[in-house]
Amino acid sequence: MRLINTKTLTLHEFMGSGDIPPYAILSHTWEDDEVTFQEFSEQPRPDAVKKKKGFAKIEATCRFARGSSRLEWAWVDTCCIDKTSSAELTEAINSMFRWYQESAVCFAYLDVPLAQRVARYAHCRWFTRGWTLQELIAPRRLWFYNADWVFQGEKEALSYELAAITKISRKIIRNGSLLSTVSVAQRMSWAAGRVTTRVEDMAYCLLGIFGVQLPLLYGEGEKAFIRLQEEIVKEINDLSLFAWTISENSSQKYWGVLAQSPRQFESCRDVELWGDPIFNSECVMTSKGLRVSPLPGQGLEETTSVSYRPSAYVLNLQCHRVGSRQSLGIYLRQHGCDMYTRINPHELAEPRQIEAESKNRTFYVSKVVSPIMSVALGASHRHAVVLNRAVYALIKVGYRLGQETGCYNPAGHWDVQQLMYLTQGAFNFSCRTVFSWTRGDKMAEDGGVLHLEFELEVGKPHVWFSTGKMKAKGRTIMKDVDGRAVHWFTAGAVQESLNGQPVWYVTVDVHDTVKKELQVVHRGPPSRGSRSPDSRSGGGSGV
């Protein structure tokens, strides 16, 4: 760390953190006329350098440090960092929050010429820049000066005015060490209205706010903010990171779980955690996306909101708004093999829209979804195996979908909202669904358990029933305890169009032998969409 001798205005380098003497530090917004490390190091110092506005700020910082604070050393970012060295710049930016935190005093220079109360400085550049956010929170002692270097007050005494301007709670303004008690979403909201000259700096200026470190990659653009969120996921198990929202005028349908900018957290200023985030479900960022391993009761939940049927789930973020007892969540849609994306990011889900049952299996949520990828995901149900007609037919005669683990295989492809297996467009796929008898009169065969099996082999479907012991060679007959045939079933599959994509509808004919031999009592509801030109059927013979 380089420091300026406040008497000689020369630079000195201190290598070990234990050797760094007490120092004052300057917080300001950059102008066009700043003094660089190379210019300040030049001896004798040229008059052109001394005439710069930036040099006047350095002199004033040293004067106040030496006078009122009796400090021999000071730090100013413009001249104490060699920005031509990428290694030094990376180290400095990753250390910046700590340097402000460990300073003896920080002088905040506001570019406002009149001596007036800080409450009237809301539009001052200092309150709108990204870098000054950590410079407000980190220092223990922060003194404000206007453009004429007239003292305006200390942070402690001005905490009410500063909280009103920045929307940061007084407890954090007065004691930055309490940062870890604030939700990630709320911390992000503090930066929602701030700007930086370079896009990447909007992420880099927040490193200290979240206690993480990143290598600097200028030129990566908005990807820097994605990397910041990935690092936060590694260090803080706080699901409120995903509580961001967007405006409703976006045409994109599917989104990733990560935000594109701090601006999307503007509505999170009052988001609090229910408890210590260490007890939340484990989240790990992988090449496939965010992997969530839910704890009991924290898995995906089906939404009961009519607006999001079919195929909408809710991930509970284990947080809430101040004064509310309702948890917040985000809406997700399944795309097959335990893969989900976010939908309707213009709003957050609330408990009144969530059912008690949840899916506690590990699942993935896409990290980022581009507009092009969003369009492609719209076809993720291509060649899906749709069971809604079969379910309808079987429910009418006393069967229900199984509720136990293993009743849907492969479980990762089953979408309970749309009653379909998402095959991801495969031409070879097999699945098994278990139904059970729900009425009082017990069935003799396997207690009334019925397996509906589907196999797609090189695009050709095969469908059959079994009782779990073996695959039926012919039609499947269910008998009561007296050995009398009660129902027998045939099944098939027909290819139709669903939202512009070919899917396989499984059809079931249920015959009631008690009423009349070979009488068809249910075939499921009629198709809601017209059959596509290439419609095909198959599988129903002799089952």
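Over residues 223–249 the chain comes out at 48% helix and 0% strand, with the end C-alpha atoms 23 Å apart; helices here are DSSP runs of H or I with at least four residues, strands are E runs of at least two, and both are numbered from the N terminus. An unreviewed UniProt entry annotates residues 223–249 as "domain: DUF8212"; positions are given in the numbering used here, the feature name is shortened, and such annotations may be inferred rather than shown by experiment.

The model is predicted, so local features need pLDDT of at least 70 and side-chain atom pairs count only at pLDDT 80 or more, while totals for chains, interfaces and linings use all residues. Residues are numbered from 1 along each chain as its sequence is written, and side-chain values use heavy atoms, leaving out hydrogens and water.

Now for the sheet. Seven strands form an open sheet in the order β2-β1-β4-β3-β5-β6-β7, with mixed pairing (a pair needs at least two DSSP bridges). Strand-to-strand twist averages 30 degrees. Strands β5 (105–109) and β6 (142–145) run parallel over four bridges, and Cys106 has Leu142 in β6 as its bridge partner.

Helix α5 (86–101) lies across β1, β3, β4 and β5, at about 105 degrees to β3; contact means heavy atoms within 4.5 Å, and angles, from 0 to 180 degrees, are taken between N-to-C directions of axes fitted to C-alpha atoms, for helices over the stretch in contact. Ser95 belongs to α5 and counts as buried because its relative accessibility is 7%, the cut-off being under 20% with a 1.4 Å probe and protein chains only. Its side chain reaches the backbone oxygen of Glu91 at 2.7 Å.

How values were computed:
Buried means under 20% relative accessible area, exposed over 50%, partly exposed in between (1.4 Å probe, protein chains only). A polar contact is a pair of N or O atoms within 3.5 Å; within protein, one must be able to donate a hydrogen and the other to accept it, and residues adjacent in sequence count only if both atoms are side-chain atoms.
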